[in-house]
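I opened this entry to keep a record of what I looked up in one protein model with a ligand. The notes follow the order in which I went through it.

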Amino acid sequence: MDVRPPSVDALARTLSDLELPQPLLVDAARDAIAAGDPGSARSRAERRARMLLHPVVNATGVLLHTNLGRAPLAHHQEAGAWNLELDLESGRRGSRQHHAAALVARAAGAEDALVLNNGAGAVLLALTVVAGGRPVVVSRGELVEIGGGFRVPEVCALSGAPMIEVGTTNRTRRDDYAAALADTPDAAAVLKVHPSNFRVEGFTASVPVGELATLGVPVVADLGSGLLDAGTPWLEGPPPPWLSGEPAVRQTLAAGAALVTFSGDKLLGGPQAGIIAGRADLVAACAGHPLARALRPGGLVLAALQATLLAYLRRDGVAIPFWRMATASLDDLRCRAARVADAVAAAGERPDVVDCEAVAGGGTVPGLSIPSIGLVVHGDRRAALRLADPPVIARMEGERTLCDLRTVDPAHDGVLGQALAAVVPRQEGRLAPERVAHADWEAPGRSAAGEGR
Ligand SMILES: *Cc1c(COP(=O)(O)O)cnc(C)c1O
């Protein structure tokens, strides 16, 4: 039996006001005593608490910030049973792919679709099934690294498909593919990969999916970002200019891709998921592969994805948090920024309201930015802002700390103001920073985009 020195327990009890389970408080107390510094127990426990998952305020201006969970998502699910794999009509076992996946297919104009855990899993499964161990032809300009250890040559190797590289880093032509296919009669497919997180400029050439589709083998297109339709029918008005050039699911399939793969939590704005969409026979073959079982998503993810897809089918982009923040008007952002700056000025120095540039992030639309509005304060205040509750994640712009309003949920304007008030120079006779947020805080200009949640 583990007999603890009583002092560990006694020290842990002094921490019981912290919202951590007893075993973690005991760990902090024990570590502090072992380090010969019992007084550090509280700060150790607080550090341990900060390591847990928390909601944070994304003021970075990166809409799909990989470190902040990419697309923001509001989804709540009651404890209870769901018809996850039950066909309610027949009473027999159904498929967990019949809900969200069917909606993805409907919204993207695909014959069928399959939902997996993440985009990397979708690529791996699609290649494994379509190639079946036979060679796959891919352009040297598309042997990319997406980040987080996802490299196209390695995924090809893992899928068991020998890779036949064609073209050069900057230029690949249709003839390059045709020659490789003529030399490799058993080649199974052409793989087209969207170089999501960089841009090659200058003397470049690549082959559109429409031309690859005439080569006589299936084209698998790894789109990555999951822009559902280049026409963005879920938005009012024309597609935003920063989307230009981003390949879209519907148009890539219409151009002749046999399968496309993409993530659920990039431009689709849903939960972390990977999607394979396209030809029904190939999707069925993917669904029947043992890897599909290993990569299958849970009911929470499928329910959140279903809600996202229903919003697309209703053409209700405002209901999708990513599109709401991506399309907020500059006037709205300016109004909110001024309001936050005024609130901060009640405690100390007023932050400046500046024009700035947000980016989509998450390995989408590289090189393109979205005009935005930010609040700047002098010096590097990022660490102090991270200590706010909830933590505020800002970025540096030159010598100043910038909080970009585009990525901040309007509901968090109050806490952003409070966090900034605590880091700007105090001014005599003003409010204490923690009194800055008004009880009646309601951001102005909170148009339809702010409601409807
Ligand atoms: C993001 C991305 C992936 C990986 O998707 P995850 O959902 O992050 O696993 C694969 N391919 C491309 C082109 C991507 O942009």
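Below are my entries, grouped by topic.

**Ground rules**

I am working with a predicted model, in which local features need pLDDT of at least 70, side-chain atom pairs count only at pLDDT 80 or more, and totals for chains, interfaces and linings use all residues. Residues are numbered from 1 along each chain as its sequence is written, and side-chain values use heavy atoms, with hydrogens and water left out.

**Overall layout**

I started with the whole protein. I noted 16 helices and 16 strands; helices (H or I, at least four residues) and strands (E, at least two) are DSSP runs, numbered from the N terminus. The C-alpha trace spans about 80 × 65 × 50 Å along its principal axes. Of the 453 residues, 47% are buried. Buried stands for under 20% relative accessible area, exposed for over 50%, and partly exposed for what lies in between, with a 1.4 Å probe and protein chains only.

I then looked up the domains, whose bounds come from an automatic or database domain assignment. I have domain 1 (10–50), domain 2 (57–70 + 328–440) and domain 3 (96–316). The centres of domain 1 and domain 3, taken over C-alpha atoms, are separated by 48 Å.

**Ligand site**

Which residues surround the ligand? I listed Arg70, Asn118, Gly119, Ala120, Ile146, Phe150, His194, Ser196, Asp222, Gly224, Ser263 and Lys266, where a residue counts as near if one of its heavy atoms lies within 4 Å. By class, this shell has three nonpolar, six polar and three charged residues. In that scheme Ala, Val, Leu, Ile, Met, Phe, Trp, Tyr, Cys and Pro are nonpolar, Asp, Glu, Lys and Arg are charged, and the others, Gly among them, are polar.

I next looked at N or O pairs. A polar contact is a pair of N or O atoms within 3.5 Å; within protein, one must be able to donate a hydrogen and the other to accept it, and residues adjacent in sequence count only if both atoms are side-chain atoms. A backbone N or O atom of Gly119 is 2.8 Å from a ligand oxygen atom. For the side chain of Ser263, an N or O atom lies 2.7 Å from an oxygen atom of the ligand. Lys266 places a polar side-chain atom 2.7 Å from an oxygen atom of the ligand. The ligand has 380 Å² of accessible area on its own, and the protein covers 92% of it; these areas come from the Shrake-Rupley method with a 1.4 Å probe. The elements giving two or more residues to the shell are α5 (119–131) and β9.

**Helix α5**

Is α5 mostly covered or mostly exposed? It is mostly covered, with 12 of its 13 residues buried; among them are Gly119, Leu124 and Val130. At the N-terminal end, Asn118 caps α5 with a side-chain oxygen 3.3 Å from the backbone nitrogen of Ala120. Just after α5, Gly132 takes a positive phi of about 50°.

Most residues other than glycine have a negative phi, and most peptide bonds are trans. I therefore checked for exceptions to that rule. Arg70 has a positive phi, near 55°. Arg70 sits in the loop between β2 (62–64) and α4 (100–108) and is partly exposed, at 22% relative accessible area. Thr232 has a positive phi of about 35°; Thr232 is in the loop between β9 (219–224) and α9 (249–254) and is buried, at 0% relative accessibility. The peptide bond from Asp389 to Pro390 is cis, with omega near 0°, and Pro390 lies in the loop between α15 (382–386) and β14 (392–393).

**Other contacts**

Asp229 is also in the loop between β9 and α9 and counts as buried at 12% relative accessibility. I found a polar contact of 2.9 Å between the side chains of Asp229 and Gln251.

Last, I noted two pairs by C-alpha distance. Val57, in strand β1 (residues 57–58), is 7.0 Å from His412 in space and 355 residues from it in sequence. Leu368 and Leu243 are 125 residues apart in sequence and 8.0 Å apart in space.
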